[in-house]
Amino acid sequence: MKSPEPSREPGAEPTAGFATVPICLVLALGALCYWGEFYLDRNSGSFDEHIYAPFHTWDEVVANNPVSEEQVQYNLGKLKFHQTCELCHQATGLGQDGKAPPLVGSEWVLAPGPNRIAHAVMNGLTGPITVKGTAWNLTMPAWKDNFTDKEMAAILTYIRSEWGNKAPAVKADLIKKVRAEPHPGPMAGGDELSKLPENL
Amino acid sequence: MNSGPLLFLGLLFTMACSWLTFVMGPQLQVGRMQPATNLVSQELYPNPYEGVSGQGSQVYRANGCVSCHSQQIRAKSFGPDMAHYLAIRPSTAYDYLYDQPVLLGDQRIGPDLAAVGLHFDRAGLLQKLYEPRLSAPGSVMPSYRYLFETRKITFAPSTNALALPPQLAAPAGYEVVPTPAAEELAGYLLSRRQNVFIYFAPPPPTNAPATNAPVKK
């Protein structure tokens, strides 16, 4: 008599057959993966090296930081000033004869509305201009293509608030407006600047 | 060999998978990290090894400290590390930016050392290395007396000499002083602090819930 079952005789080689995986195991595995995805989405912080427990998102890290928006803008402005403007206007903001007029206490920098100084920095400035009672006649290059709206606003805010200067911050919206009305060539000295409105 | 190319491809695939997971992945994640801003002093964090603590990390490795001690404070939601080791925040990758190699450890037979520099002074650490059971009776930590030297007092006692109780004190006219290796190790341990809030690990809000659940918006 022949049996379809594998031989169970002593000494016989064991053999392996095939069996289907129970569907419930497959479903359970799928559910586990699904839950795992949710868990990672919630807790992984996108595997970002800047996000650590107990924070879950970059927004939470920023929101919990004692560093204010103004501080961030100040840092950015200081950095950009240091990289660019400082070469002529000096780290002290006092300027240098033959290079650049002072920014400290300058009536152009400290004007209540930042429109004129924004035009000067973005489009450049050439020709005679009077700063703190001294006549200057130099050329400043146009910087509008070198900085984003945010960076430009940060630089202007920095020069208006550093070294004892006290003038309101500059918003990126204003820079956007100034950028939207292109000016051919640099501003022609203090005369043309004075014709601009102080505020936009 | 019948299926050489297949074998080769299989090996290549296996190696590529582990390389992608263990080399490429971490490199993409933390390979370009720069020092962060210290929220208190506005300076950069962390500092490179201070003084002899760089050599101390080699003493730490050579004596197998890493086999029993970890250097990683986990967040509250993962365990009571912060309360046990009196840390002010969980560890971040920034804390290890200058460690070469990073000595995280994988056993917690002894206490975590990530913030040990906050809780010991130099003399206490050296005494601990000489005889751990003086300050913690029943400790299973081996004593590292070979990092110390018992030597004759020639002119005046050394200012570095250990203050030991009578049963361990050196014989009259002798003193126990740490070798340079022990000084370096103590310097390294004292530099383990992780007590600085950085931009990427700010203090959590004081009214934070006890759980780690995300804030509902």
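Chain B has five helices and four strands, where helices are DSSP runs of H or I with at least four residues and strands are E runs of at least two, numbered from the N terminus. From the N terminus on, their order is α-β-β-α-α-α-β-β-α. This is a predicted model, in which local features need pLDDT of at least 70 and side-chain atom pairs count only at pLDDT 80 or more, while totals for chains, interfaces and linings use all residues. Residues are numbered from 1 along each chain as its sequence is written, and chains are lettered from A in the order in which they are written.

Of the 217 residues in chain B, 24% are buried, that is, with 20 or more other C-beta atoms within 10 Å of their own, C-beta atoms being placed from the backbone. Contact requires C-beta atoms within 7 Å. Among chain B contacts between residues at least 6 apart in sequence, 74% join residues at least 24 apart.

Now the helix pairs. Helix α5(B), residues 180-190, packs with α2(B), residues 53-62, at about 105°, with the axes 7 Å apart. Axes are lines fitted to C-alpha atoms, for helices over the stretch in contact, and angles run from 0 to 180 degrees between N-to-C directions. That makes α2(B) roughly perpendicular to α5(B), the class for 65 to 115 degrees. On the α2(B) side the residues include G56(B), V59(B) and Y60(B), and they meet residues of α5(B), among them A181(B), L185(B) and Y188(B).

What does α4(B) do with α5(B)? The axes of α4(B), residues 122-130, and α5(B) come within 10 Å and cross at roughly 120°. The two helices are therefore oblique to each other. R122(B), L125(B), L126(B) and L129(B) meet A182(B), L185(B), A186(B), L189(B) and L190(B).

Next, the cores. A nonpolar core is a set of buried Ala, Val, Leu, Ile, Met, Phe, Trp, Tyr and Cys residues joined through C-beta atoms within 7 Å. The largest has 23 residues, of which A118(A), I155(A), L156(A) and I159(A) touch the most other members. α5(A) gives the most to this core, with seven residues. A second, separate core of 22 residues includes L129(B), Y144(B), F148(B) and V176(B).

Last, the interface: 19 residues of chain B are in contact with 13 of chain A. The chain B side divides into 14 nonpolar, four polar and one charged.

Note on methods: Parallel < 35°, antiparallel > 145°, perpendicular 65-115°, else oblique. Contact = placed C-beta atoms within 7 Å. Nonpolar A, V, L, I, M, F, W, Y, C, P; charged D, E, K, R; others polar. Buried ≥ 20, exposed ≤ 12 C-beta atoms within 10 Å, placed from the backbone.
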